[in-house]
Amino acid sequence: DGVFDTAVAFRGIVFAGARHLDRLTHQAAAIGIGIDAAIVRAGWDAMLAQAAPEASILRTTVTRGVAERGLWPAAAPTPTIMVSAAAWSPKLFGRAVRLVTARIRGNESSPASRLKTLGYLDNILAAREAAGQGADDALFLNCSGGVACTTIANVCIVSGRALLTPPISEGVNPGIVRALLLEAAETAGLRPAERPLAPADLFSADAVFLTNSVRFLSPAAALDGAVLGEAA
């Protein structure tokens, strides 16, 4: 068991690095794993020293570490922290995506729905389902039928002058770019709000887009074959 984080570094500086580090340590603590933020920073620096100089994707994985058999964790685990790097391409930014609704439902009652845990099988299966239908990503609805997220991103809509996104309680991971957009919305003349969204809200929105820390902003062009938002 463990958690992970993915961030992009530009010219050796991790974008929103303090936020990524804070979220990683808090999410690890939420499942009973204490980590030293300085060790994570050192891992980032070590990878960036040998990564692509212009832009790199950093993946940080934290596991509970070596323990005896059984589900009950050790009282004071020594976590394992791994950092890897891959090249980032500007082509990832702003790429329009076509969505299909996943047959798998997200479970908003599960703490894992709000954490970037290592148990990603539902996301993998939903992504394969989307690819099998010729789509780019899959939209998760929660057990109540509300919009949650996609396999890799948060969901936002613009309706009039309102910037809306589902609250964390809907089974949503607290995305870094999601938070930055909510904070900056008013400077763009938008009224930010977190409220539950139904699939119908996506079809009636002026714009639908996805956010994550590698692709940043991705317009959603279609859902289940129907054109969305400004693409209509």
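Strands here are DSSP runs of E with at least two residues, numbered from the N terminus. Two of them pair if DSSP finds at least two bridges between them. The model is predicted.

**Strand 12 and its partners**

In the hairpin of strand 12 and strand 13, 2 residues lie between the strands, and D224 takes a positive phi near 55°. Strand 13 covers residues 226–227 and runs antiparallel to strand 12, joined by 2 bridges. A222 stands opposite V227 of strand 13.

Strand 12 also forms a hairpin with strand 11, with 3 residues between them. N212 has F216 in strand 12 as its bridge partner.

Strand 12, residues 216–223, pairs with strand 5 over 3 bridges in the parallel sense. Here V97 stands opposite A220 of strand 12.

**Aromatic pairs**

How many aromatic pairs does a search of the whole structure find? The search finds 6. The rings of F4 and Y120 have their centres 5.3 Å apart and their planes at 80°, so this pair is edge-to-face. It links distant parts of the chain, with F4 in strand 1 (residues 2–10) and Y120 in the loop between strand 5 (97–101) and helix 3 (121–132). The two residues are 116 residues apart. F4 is buried, because its relative accessible area of 8% is under 20%. Y120, at 26%, is partly exposed.

The rings of F10 and W88 also make an edge-to-face pair, with centres 5.2 Å apart and planes at 85°. F10 lies in strand 1, and W88 in the loop between strand 4 (80–87) and strand 5. The separation is 78 residues. F10 is partly exposed at 31% relative accessibility, whereas W88 is buried at 14%.

| Residue | Relative accessible area | Class |
|---|---|---|
| F4 | 8% | buried |
| Y120 | 26% | partly exposed |
| F10 | 31% | partly exposed |
| W88 | 14% | buried |

**Cluster and charge**

Which residues do ring pairs link into a cluster? They are F10, F15, W88, F93 and F216. F216 ties this topic back to strand 12, where F216 is the bridge partner of N212.

F4 has a charged neighbour as well. The charged end of R59 sits over the ring of F4, 4.1 Å from the ring centre.

Key
Residues numbered from 1 in each chain as written. Predicted model: local features only at pLDDT ≥ 70, side-chain atom pairs only at ≥ 80, totals over all residues. Heavy atoms only, no water. Phe/Tyr/Trp six-rings, centres within 6.5 Å; stacked < 30°, edge-to-face > 60°. Helix = DSSP H or I, 4+ residues; strand = E, 2+ residues; numbered from the N terminus. Buried < 20%, exposed > 50% of the residue type's maximum accessible area, 1.4 Å probe, protein only. Lys NZ or Arg CZ within 6 Å of the ring centre and 35° of its normal.
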